[in-house]
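Hello,

Here is the structure we talked about. Please open it and keep it beside this email while you read.

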Amino acid sequence: MFYGFSLCFLHFYARVFTVNMEIIPNFAVFEGGDGSGTTTQLSLLSERLKKAGKPCFFPTFEPTNGQIGKIIRAALTKSAPITPQTLAFLFSADRNEHIYGQDGILEHINRDELVVSDRYIMSSLVYQGIECGDELPASLNSRFPAPGTLIFLDLEPETALERMKNRESLEIYEYLDFQIKVREKYKSLLETYADCGVRVETVDASQTVEEVADKVWSIIRQMPIFKAQ
Ligand code: TMP
């Protein structure tokens, strides 16, 4: 039995849905504003887990490298202009493949692996919520299972943008006004999310990369899969 259920979680999504929502205990996600270090931390965690030898581990990310993810990447890098609403649909379509498709999240969970994703539903609720209003991303994502653990890498937007200043080009959401809204929205949504059975951990991402990685490791180590080892 892989899933727990949370009614409350659904209320969080849209207050209009009335069915149960699944929570996958051995599924963790990194969330945070751009430049907060989610990708770096997933890669450090992967190294640590590889060294540890077990449990079997599936590191993954959104937008994915699939066909829909590629269209999203083109929109993010401004090479294919797409309306915010269409982008909201594309993120949820990409996620549907990511969860249910071949070599997807559920396939790995059903093989008793630990799955950790760089971004998931909360990114849509925050980013598309700012762009399109809360209702569209909430309804598009309401049927997807929730992660058992969510690690929010919290960083001042000014510091995050400073870290990104040497990048050759910035994506559509990578500017200060938007990132200020992103941080505020994460904070307000995560409070409710934590009440609904998802373990939400906020990590101060202004610490050194190694300090953040140690904190992440201590959180991941408390996931149920480690108790079963
Ligand atoms: P990345 O730069 O962390 O790889 O993420 C890509 C960008 O896409 C980042 O700005 C966050 C954004 N994003 C959304 O707007 N909605 C989503 O559902 C996801 C997964 C990412």
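Where is Pro55 found? Pro55 sits in the loop between helix 2 (38–52) and strand 3 (57–61). Helices (H or I, at least four residues) and strands (E, at least two) are DSSP runs, numbered from the N terminus.

Before the rest, some ground rules. This is a predicted model, where local features need pLDDT of at least 70 and side-chain atom pairs count only at pLDDT 80 or more, while totals for chains, interfaces and linings use all residues. Residues are numbered from 1 along each chain as its sequence is written, and side-chain values use heavy atoms, with hydrogens and water left out.

**Backbone**

Lys54 and Pro55 are joined by a cis peptide bond, with omega about 5°. Glu62 to Pro63 is also a cis peptide bond, with omega near -5°. Pro63 lies in the loop between strand 3 and helix 3. Asp103 is not a glycine, yet has a positive phi of about 60°. Look for Asp103 in the loop between helix 4 and helix 5 (105–109).

**Overall fold**

The protein has eleven helices and six strands. Its C-alpha atoms fill a box of roughly 45 × 45 × 35 Å along the principal axes. The radius of gyration is 17 Å, which agrees with the value near 17 Å for a compact globule of 229 residues. That radius is taken over C-alpha atoms, and the globule rule is 2.2 Å times the number of residues to the power 0.38.

**The ligand**

There are 14 residues around the ligand, and Asp34, Arg95, Arg119, Ser124 and Gln128 come nearest. A residue is near if one of its heavy atoms lies within 4 Å of the molecule or strand in question. The shell has five nonpolar, three polar and six charged residues. Here Ala, Val, Leu, Ile, Met, Phe, Trp, Tyr, Cys and Pro count as nonpolar, Asp, Glu, Lys and Arg as charged, and the others, Gly among them, as polar.

Helix 3 (67–76), helix 4 (84–100) and helix 6 (121–132) each supply at least two shell residues. Helix 6 gives the most, with four.

Now the atom pairs. An N or O atom in the side chain of Asp34 is 2.7 Å from a ligand oxygen. For Gln128, a side-chain N or O atom is 2.8 Å from a ligand nitrogen. The protein buries 92% of the 480 Å² that the ligand exposes when taken alone. Those areas come from the Shrake-Rupley method with a 1.4 Å probe; for residues, only the protein chains shown count as cover.

Best wishes

Notes: Polar contact = N/O pair within 3.5 Å; in protein donor to acceptor, adjacent residues only side chain to side chain.
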